Amino acid sequence: MVSWRIVILLTAAFAEGWNIKNMLDSGERASEHFAYFTVQSNILVIVVMAWMLLVPQERRPRWFDHLRGAATAYIVLTGIVYAVLLAQPDEVWSWSIEFTNAAQHRIIPWLVGLDWLLVATHRRIRLGRAVWWMLYPIAYLACSLLRGGLVDGWFPYPFLDPGEHGGWAGLLWPTGQVLIAFFVGILLVAALGRLRHREPAARRAVTEG
């Protein structure tokens, strides 16, 4: 799977590099560009893939499988939320969209999701601990609402903008939907990782002995 992960790393790095070039050319504020969940989850994928390629499995910390699982859940759910809530109707099945959009919302989520399914975790994922993966989406939501409401009035996505939903109370339904989707998606990713796990023969022998 080394070549597979190199493809993921290079695709994610090139897409984000191209995004940064576009940001500089267009005058988009860095504080806005890097505030998108899509960008942050893709950067996390770059970090995780580089870590797996550069650091042998036995030298990774015990919590690394949870980091990998969280990154998988975030990027896969990024693609799903984009397709369901953010993409224009003619974009959902179209491949005429720009490369960075296709890479970060479609190609990378698929590649990372398949990596999670094809390569078992080193340690068994505990579903109770996987619930902690929700902390980042919740913190992201809170920070986005606080920034938009108290700092500069900018919201990264329409479903976070009270102006699009008749006020703050109107955000309860769209944000609630997203949080529920993330919770269910995280548990599903964790459960699949747990099912795919196979205890190494040496460790089984020690346990059984």
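Begin with helix 4, which supplies five residues to the lining of the largest cavity, the largest share from any element. This is a predicted model, and a search of it finds one cavity of 30 Å³ or more. About 230 Å³ of space lies inside that cavity, and 18 residues line it, those closest to its centre being Phe37, Tyr140, Phe159, Val178 and Phe182. If you colour the model by element, the ones that give two or more residues to this lining are helix 3, helix 4, helix 7 and helix 8. Colouring by residue class instead shows a lining of 14 nonpolar and four polar residues, with no charged residue among them.

Next, keep Phe37 and Phe182 selected and show their rings. In general, a pair of aromatic rings is described by the distance of the centres and the angle of the planes. The search of the whole structure finds 14 aromatic pairs, and Phe37 with Phe182 is an edge-to-face one, at 5.4 Å centre to centre and with 85° between the planes. Phe37 belongs to helix 3 and Phe182 to helix 8 (residues 172-196), so this pair ties together parts that are 145 residues apart in sequence. Phe37 counts as buried, at 7% relative accessibility, and Phe182 is likewise buried, at 5%.

Because Tyr74 lies in helix 4 and Tyr136 in helix 7 (residues 135-151), the pair ties together parts that are 62 residues apart in sequence. Are the two tyrosines, Tyr74 and Tyr136, buried or partly exposed? Tyr74 is buried, with a relative accessible area of 5%, whereas Tyr136 is partly exposed, with a relative accessible area of 26%. With Tyr140 also shown, you can follow the ring pairs that link Phe37, Tyr74, Tyr136, Tyr140 and Phe182 into a cluster.

Move on to the largest pocket, which has a volume of about 480 Å³. It is lined by 21 residues, and the ones to select are Asn19, Tyr36, Glu98, Asn101 and His105, which lie nearest its centre. Two or more lining residues come from each of helix 1 (2-26), helix 3 (37-54), helix 4 (64-86) and helix 5 (99-118). The lining of this pocket comprises eight nonpolar, ten polar and three charged residues.

Helix 5 bends by about 35° at Ile107, with a proline, Pro109, following within four residues. Of its 20 residues, 14 are buried, so helix 5 is largely enclosed by the rest of the structure.

Two further selections complete the tour. Show Trp18 together with Lys21, and you will find Lys21 over the face of Trp18, at 5.3 Å from the ring centre. Then go to Trp51, which is found in helix 3 and is partly exposed, with a relative accessible area of 24%. Between Trp51 and Phe64 there are 13 residues of separation in sequence, and their C-alpha atoms are 9.5 Å apart in space.

How values were computed. Residues are numbered from 1 along each chain as its sequence is written. This is a predicted model: local features need pLDDT of at least 70, side-chain atom pairs count only at pLDDT 80 or more; totals for chains, interfaces and linings use all residues. Side-chain values use heavy atoms; hydrogens and water are left out. On a 1 Å grid over the protein atoms alone, a cavity is a set of points where a 1.4 Å probe fits but cannot get out, and a pocket is an open set with protein on both sides within 12 Å along at least five of seven lines; lining residues have an atom within 4 Å of a point. Grid points are joined across faces, edges and corners, and a volume is the space filled by probe spheres set on the points. Ala, Val, Leu, Ile, Met, Phe, Trp, Tyr, Cys and Pro count as nonpolar, Asp, Glu, Lys and Arg as charged, and the others, Gly among them, as polar. The bend at a residue is the angle between axes fitted to the seven residues ending there and the seven starting there. Buried means under 20% relative accessible area, exposed over 50%, partly exposed in between (1.4 Å probe, protein chains only). Rings of Phe, Tyr and Trp (its six-membered ring) pair if their centres lie within 6.5 Å; planes under 30 degrees apart count as stacked, over 60 as edge-to-face and the rest as tilted. A charge sits over a ring if NZ of Lys or CZ of Arg is within 6 Å of the ring centre and within 35 degrees of the ring normal.
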